Amino acid sequence: MAVDKALNQAPLGLDSTLAAGVVPGLNMEPELEIEIEDPESVTIGMDGLEIEIEPGDDEDSEFNENLAEILDDGELAQMAGDLIGDFDDDIASRKDWIQTYVDGLELLGMKVEDRTEPWPGACGVYHPLLTEAVVKFQAETMMETFPAQGPVRTQIIGKETPAKRDAAARVQDDMNYQLTDVMTEYRPEHERLLWGLGLAGNAFKKVYYDPSFARQTAMFCTADDVVVPYGASNLETAERVTHVMRKTPNELRKLQRDGFYRDIDLPEPDNTLDEVEQKIAERLGFRATTDDRYKLLEMQVDLIIEDDKFRDEDDDGIALPYIVTLEKGSNEILAIRRNWQPDDKLKQKRNHFVHYSYVPGFGFYAFGLIHLIGAFAKSGTSLIRQLVDAGTLSNLPGGFKTKGLRVKGDDTPISPAEWRDVDVASGTMRDN
């Protein structure tokens, strides 16, 4: 019969450590020493190894603080006035470019026009030259930038090894998964970007971390919503980059509650649209005359804020990059935040936009198909309308029929198939 002999039943003389199930030098647990001198700082010592547990450094939270909360109202009011003046100057500098763009939107033919000149029901079609060019550019570019296997392709720089190939494949698969499955807005926003790029010649993507989604996002911004001084060379060297945003009162209130913007009382939104917004709506066939959202200006600009404790002695008299957000209707500044990395000693500007250009022009804004072939589309539209109207007059002639000499209807044009009475005293109408 087998006898079960456990260690606790070992004969006398067996070492107590073995009886306890501990082998010397093999599985003895070292003594753990915990020293608490400061309740907010704990030191753990183990076999000569010390681990210090300290509370998280709040320097990052101080760096990302809203400076508008600590500046006085007078300084904020003066800053807002200066920034609004600079914004108006930037709008005026690109006036010719934006005017050509707005006028060319009508040539797309998105709006069905009922013409009354030279007669009611005259031809109102548009030549499809511009629309065909934009659609073709968008379709072909979308196939190239967003193929079936995914938009991301990796390239190995240097000597190619099996480990590098495996790493490149993993990076490519992960990035394609992020852009196609996680960032669900990436493909539709990219399609909108290509349409605006071909049409206006400029398109922007704003890449940032969205706390409401808890992930990174890449949103399309139209060229008319990103205002840059026309003489700037690029976004990196531009002295100002302004993103015009529209937010509902509820969206703005959420951001104020979360501490992203100053929690101040704002007047009701200014419902009027500016001249460019009204023209764009009219050209595209919309009846947008009012907007019940707040108009925010998020400006990336260099400023000198003496009260900023993150300024060094070497920064005396030097403007540093900040992001200032203000409400256009009331000129109230909602947020001022530093726009450089905390560990960047050079304090270089962080750029949150990607600029896509079609054909580079003389200034910052590039030229699009509206600027390049808009005149040809307008001429083609005029020729088509003349041909159709001439055929209509040929098939449905109009003229006078004799009835006295006085012409009824004054001097209004004769419509197709219209015959008017003419008062003739005697004889034929030709004689009178």
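Please keep in mind that the model is predicted. Glu298 sits in a strand, while Gly361 belongs to a loop.

- You will find Glu298 in strand S8, which spans residues 294-303.
- Its relative accessible area is 13%, so Glu298 is buried, the cut-off being under 20%.
- The side chain of Glu298 makes a polar contact of 2.6 Å with the side chain of Lys206.
- Beyond its neighbours within four places in sequence, Glu298 is in contact with Lys206, Val241, Thr242, His243, Met245, Ile323, Val324 and Thr325.

**Cysteines and disulfides**

- A disulfide is a covalent bond between the sulfur atoms of two cysteines.

**Gly361 in its loop**

- Gly361 is placed in the loop that runs between strand S11 (353-357) and helix H10 (369-395).
- With a relative accessibility of 29%, Gly361 counts as partly exposed, because that value falls between the 20% and 50% cut-offs.
- Setting aside neighbours within four places in sequence, the contacts of Gly361 are with Ala366 and Phe367.
- Gly201 is 160 residues from Gly361 along the chain, and 9.5 Å separates the C-alpha atoms of the two glycines.

Key
Residues are numbered from 1 along each chain as its sequence is written. This is a predicted model: local features need pLDDT of at least 70, side-chain atom pairs count only at pLDDT 80 or more; totals for chains, interfaces and linings use all residues. Side-chain values use heavy atoms; hydrogens and water are left out. Helices (H or I, at least four residues) and strands (E, at least two) are DSSP runs, numbered from the N terminus. Buried means under 20% relative accessible area, exposed over 50%, partly exposed in between (1.4 Å probe, protein chains only). A polar contact is a pair of N or O atoms within 3.5 Å; within protein, one must be able to donate a hydrogen and the other to accept it, and residues adjacent in sequence count only if both atoms are side-chain atoms. Contact means heavy atoms within 4.5 Å.
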